[in-house]
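Here is a short briefing on one protein structure. Please look through the sequence and the model before reading the points.

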Amino acid sequence: MALALLALLIYLAHSMVKSIGNYEKLLEVHRYRFLPILHHCEVNVNEAKWTTGSLKNIWEPRIDELITLFTEKMSEFAERREEVVLSDKAAQFAADVLTTISFTEPWGFVKNQRDEGDYLTSWRKGLPYFGVYNRWNSFRDYVLKNDTLSPFFLPSTSDKTGMGFLIAHADKAIKEREKKIQEANGDWHMDNPDLLQHCLEARHADGSPLNDIERRSHMTLIIQAGADTTGTALGCTIRNLMKRPDIMRKAQAEIDAANAAGKLSTPISYEESRRHLPYCGACIRESMRITPPTPNLLPRVVPKEGKHIGKIFIPGGTEVTSHAYVLPHDTSFYGPDADVFRPEQWLEPGREAELENSLFTFSIGPRICLGKDIATMEMWKFLPELIRNFDFELVDEGAYVVAGGIGYNENLRALLTRRT
């Protein structure tokens with residue numbers, strides 16, 4: 001009986017870990033810092049182009065291509081009067097943005113209108129394990145780091161779906177790029193280097209290149225962390241707008257007025273959205289407040305000397321976190337209607353900065369979300385363009401699900417009508 005129970009536990013854990021991925025060996029989070037391309041690093045590079053904030057400018061035209069393609073695909077659904085599972089489509093768009101930035105070419109989530117390699121599905125199935133692993137140090141330290149036990153749990157590049165699919169694609173892309181560079185005798189460059197190229201060119205302070213694990217870690221980290229989470233932010237905003245037709249109409253009216261005044265391109269640029277569509281921006285921020293994609297932020301380890309948080313002393317080595325769902329629903333700060341979707345509060349004089357500083361969606365401080373700039377650009381471009389082009393009839397609001405401290409949407413379905 002005991003052996004049968006042990007076998008069942010191994011099977012269940014194996015299934016979840018294979019879905020979510022090898023976070024200890026893949027990310028090596030305790031052994032080195034991330035590179036400047038993702039803000040945090042210890043390598044001998046100071047070029048501004050390596051920051052995510054600069055990468056967004058280089059890649060905006062490519063994101064425009066994906067937005068145009070997405071609009072075309074949604075128009076086909078509208079013409080057929082076919083229901084669209086917007087929770088899935090938004091996540092697929094976000095996944096293609098990140099694979100484009102990482103590898104120059106998207107993996108085809110939008111073009112093929114499917115979850116390539118069941119990556120997003122596998123990610124969601126593995127989230128309960130992620131929550132356990134992130135909080136159960138002994139399992140992480142004594143099982144996943146054990147060379148004998150870890151193969152029973154961890155993904156493989158031979159897997160056709162999930163994290164193994166992602167790792168295999170990253171390995172293949174690295175080898176193909178290295179071969180091109182080798183064939184050119186090192187005289188090979190890209191006008192707009194992608195994340196892969198930055199990883200290959202990165203050097204530690206001693207001049208040594210990244211090792212295989214480090215390169216793989218960086219190539220997969222941004223996709224793991226940002227694909228479905230950004231998709232969740234997009235889907236939640238769409239749901240919140242569809243549930244409040246009056247707010248949706250107001251956002252569309254703002255877009256129509258800016259468009260009539262000749263202030264908007266097609267697709268809408270990031271800067272145009274920020275400058276001319278303040279109400280749309282308020283809708284996005286408000287949605288991230290009440291339905292954050294990462295409701296329970298990842299913990300931080302208190303330095304060995306300990307730390308005072310307010311009047312309370314926290315011993316060194318303690319894991320602490322802030323709850324990104326509870327804080328934005330605090331009625332003492334947001335008022336008695338803290339649970340209500342109310343974008344207007346972001347436009348109240350003197351209120352925006354206060355609200356922005358209190359928004360924990362991307363965390364704050366030196367460990368702020370590595371992909372915040374990319375995610376922000378996606379949302380400020382994608383959502384206005386979507387509601388600019390379509391009217392929505394809510395069929396099923398679906399559910400905002402939280403598993404392992406991470407949020408995602410499921411079964412948000414709607415009928416679309418092309419606006420003229």
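The points below cover the cores, the aromatic rings, one arginine and a sheet.

This is a predicted model, in which local features need pLDDT of at least 70 and side-chain atom pairs count only at pLDDT 80 or more, while totals for chains, interfaces and linings use all residues. Residues are numbered from 1 along each chain as its sequence is written, and side-chain values use heavy atoms, with hydrogens and water left out.

**Nonpolar cores**

- A nonpolar core is a set of buried Ala, Val, Leu, Ile, Met, Phe, Trp, Tyr and Cys residues joined through side-chain atoms within 4.5 Å.
- Buried means under 20% relative accessible area, exposed means over 50%, and partly exposed lies in between (1.4 Å probe, protein chains only).
- The largest nonpolar core has 89 residues, and Leu 86, Phe 93, Met 379, Phe 392 and Leu 416 have the most contacts inside it.
- Another core, of six residues, lies apart from the largest one, and Tyr 129, Tyr 133, Val 143 and Phe 153 are among its members.
- Leu 86 is in contact (heavy atoms within 4.5 Å) with Ile 238, Met 242, Phe 392, Leu 412, Ala 414 and Leu 416, leaving aside neighbours within four places in sequence.

**Aromatic rings**

- Rings of Phe, Tyr and Trp (its six-membered ring) pair if their centres lie within 6.5 Å; planes under 30 degrees apart count as stacked, over 60 as edge-to-face and the rest as tilted.
- A search of the whole structure finds five aromatic pairs.
- In one of them, Phe 70 and Phe 93 have ring centres 5.9 Å apart and planes at 70°, so the pair is edge-to-face.
- This pair links distant parts of the chain, 23 residues apart: Phe 70 is in helix 3 (residues 52–80) and Phe 93 is in helix 4 (residues 86–103).
- Helices (H or I, at least four residues) and strands (E, at least two) are DSSP runs, numbered from the N terminus.
- Both Phe 70 and Phe 93 are buried, and together with Phe 382 they form one aromatic cluster.
- Phe 333 and Tyr 334 have ring centres 4.8 Å apart and planes at 80°, so this pair is edge-to-face.
- Phe 333 is partly exposed, with a relative accessible area of 26%, whereas Tyr 334 is buried, at 4%.

**Charges over rings**

- A charge sits over a ring if NZ of Lys or CZ of Arg is within 6 Å of the ring centre and within 35 degrees of the ring normal.
- Arg 351 lies over the face of Phe 333, 4.9 Å from the ring centre.
- Arg 418 lies over the face of Phe 390, 5.4 Å from the ring centre.

**Arg 124**

- Arg 124 is in helix 5 (residues 119–135), and Arg 124 counts as buried because its relative accessibility is 14%.
- Not counting residues up to four places away in sequence, Arg 124 touches Ser 87, Asp 88, Ala 91, Asp 228, Tyr 408 and Asn 409.
- From C-alpha to C-alpha, Arg 124 and Ala 403 are 7.9 Å apart in space, although 279 residues apart in sequence.

- An open sheet of three strands has the order 1-9-6, with antiparallel pairing; two strands pair if DSSP finds at least two bridges between them.
- Strand 1 (84–85) and strand 6 (390–396) are the edge strands, each pairing on one side only.
- Strand 1 is joined to strand 9 (residues 413–418) by two bridges, and the bridge partner of Val 85 in strand 9 is Arg 413.
- Strand 6 pairs with strand 9 over six bridges, and Asp 396 stands opposite Arg 413 in strand 9.
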